[in-house]
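Please look at the sequence and the structure before working through each solution.

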Amino acid sequence: MIYLDNAATTKPCEAAKAGVMKGLEVFGNPSSLHRCGLDAELLVTDARTAIAESLGCLAEEIFFTSGATESSNTAIFGAYKSQGKRKHRVVTTTIEHPATARPIDELERLGCEVIRISPDENGVISAEAVADAVNEDTFLVSMMLVNNETGAILPVSKAFNAIHRRFPKVITHCDCVQGYMKLPIKTKTLGADLISLSAHKICGPKGTGALFIRKGLHLPSLLMGGGQEKNMRSGTESVPLICGFGEAVKHYSQNIAERLESAKKLEALLFELCEKNGGIGVNFRGEKSPYVTSITVDGLKSEVLLHYLEKRGIFVSSGSACSKGKKSGVLAEFRIPVQVMDTTLRISFSPDTTEEDLRGLMEGISAAQNELARLK
């Protein structure tokens, strides 16, 4: 099997699987006062500490959620409940993941003014354009770090730090799902008050994630109940999933720079193989993460090619896993023509991706080009 759909989800690593099993064996409720509860609480604390250390922040600034969708919803609606009655403007981009874009659409329906910054003719989101859209009436700026369809890196640090110098009370939120454990990320340099993270995008288990909330920023909770996660997210913590998340972070946080260099070499090889083929184009080559690349295969519909490759044991995506085959509004924002969108594949790497995987992918695409062309 050649699996190149890691932006959708990743294969859990052995450390994460061992962490999940450990969390299942320590079955106590972390809120219980007896020894079984304390043992479970210690596992949760250990995972929280590992994530905090990876981001260079305090453990008390990390709150566990069911995943990045809940983290982003908590951040966006929390900011609205905190400041949205007094201020009314939200600034974001037109290329956000639905977990961010749809909650902001809902704020617009509730009466907020939403300013959406588009990429320029080169596919670049300008930090200045984001910062200049902020005014005294702005309460939230939300901007992803790495686009999940093209790999484009957004100038989050430059934009957020400029905003905080001019408007220190504006809340800044960053979806770091495709950047965490892939790019060197620290909370101080990123400049975000709120950061959404996901476990299953970094070889951890599905169903858990985290939200960084800068110390001193007080958000109203969206889930009320037993007061877990310091009243921020009530509900008994999923100890097994949290343990798996923490172990994945421990496993991968020590060699981010080395893996990034390896991913860049794989990306260079992918570009080279695309050029040699002659019928494959790369949709975005600007400042980007090497882990995610959008390509187009001339004359072959994405869905047809995707299933052809699947029969050969090669797994890729035609776009965001959340789009379920719909045309990508994000690719349109990158000024990619509709006919090109129809022939687009997303190739995304994991730490396990090899050069042989990419050569196998190109062999599969070449076979499709030859075989499917004859059928036309």
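Two residues are in contact here when they have heavy atoms within 4.5 Å. The model is a predicted one.

**Exercise 1.** Find which residues join helix α3 to helix α4, and describe how the two helices lie.

Solution. Begin with the ranges, which are residues 68-83 for α3 and residues 98-109 for α4. Applying the contact cut-off, T69, S72, N73, I76, F77 and Y80 in α3 meet A99, T100, P103, I104, E106 and L107 in α4. Sorted by class, the residues of this contact of α3 with α4 are seven nonpolar, four polar and one charged. Next take the geometry: the axes of α3 and α4 are 9 Å apart, and the helices pack at an angle of about 25 degrees. Angles under 35 degrees count as roughly parallel, and α3 and α4 are therefore roughly parallel to each other. Lastly, the handedness of the crossing of α3 and α4 is right-handed.

**Exercise 2.** Work out how helix α1 and helix α8 are oriented to each other, and which residues they bring into contact.

Solution. Helix α1 covers residues 14-25, while helix α8 covers residues 239-252. The axes of α1 and α8 are 7 Å apart, at a packing angle of about 150 degrees. Since angles over 145 degrees count as roughly antiparallel, α1 and α8 are therefore roughly antiparallel to each other. The crossing in which α1 passes α8 is right-handed. On the α1 side the contact is made by A15, A16, G19, V20, G23 and L24, and on the α8 side by V239, P240, C243, G244, E247, A248 and H251. These residues of the contact of α1 with α8 comprise eight nonpolar, four polar and one charged.

**Exercise 3.** Describe the packing of helix α2 against α8.

Solution. Helix α2 spans residues 35-55, and its axis comes within 8 Å of that of α8, the two crossing at roughly 35 degrees. The crossing of α2 and α8 is left-handed. Among the residues that meet are L43, V44 and A47 in α2, and I242, C243 and F245 in α8. By class, the contact of α2 with α8 divides into eleven nonpolar, two polar and three charged residues.

**Exercise 4.** How many cavities of 30 Å³ or more does the structure hold, and which residues are closest to the centre of the largest cavity?

Solution. The structure holds one cavity of 30 Å³ or more, and the volume of the largest cavity is about 100 Å³. Its lining is made of 13 residues, of which K182, K201, I202, C203 and P351 are the closest to the centre. Sorting the lining of the largest cavity by class gives seven nonpolar, three polar and three charged residues.

Key: Residues are numbered from 1 along each chain as its sequence is written. This is a predicted model: local features need pLDDT of at least 70, side-chain atom pairs count only at pLDDT 80 or more; totals for chains, interfaces and linings use all residues. Side-chain values use heavy atoms; hydrogens and water are left out. Axes are lines fitted to C-alpha atoms, for helices over the stretch in contact, and angles run from 0 to 180 degrees between N-to-C directions. Helices (H or I, at least four residues) and strands (E, at least two) are DSSP runs, numbered from the N terminus. Angles under 35 degrees count as roughly parallel, over 145 as roughly antiparallel, 65 to 115 as roughly perpendicular and the rest as oblique. A crossing is left-handed if the near helix is turned anticlockwise from the far one by less than a right angle, and right-handed if clockwise. Ala, Val, Leu, Ile, Met, Phe, Trp, Tyr, Cys and Pro count as nonpolar, Asp, Glu, Lys and Arg as charged, and the others, Gly among them, as polar. On a 1 Å grid over the protein atoms alone, a cavity is a set of points where a 1.4 Å probe fits but cannot get out, and a pocket is an open set with protein on both sides within 12 Å along at least five of seven lines; lining residues have an atom within 4 Å of a point. Grid points are joined across faces, edges and corners, and a volume is the space filled by probe spheres set on the points.
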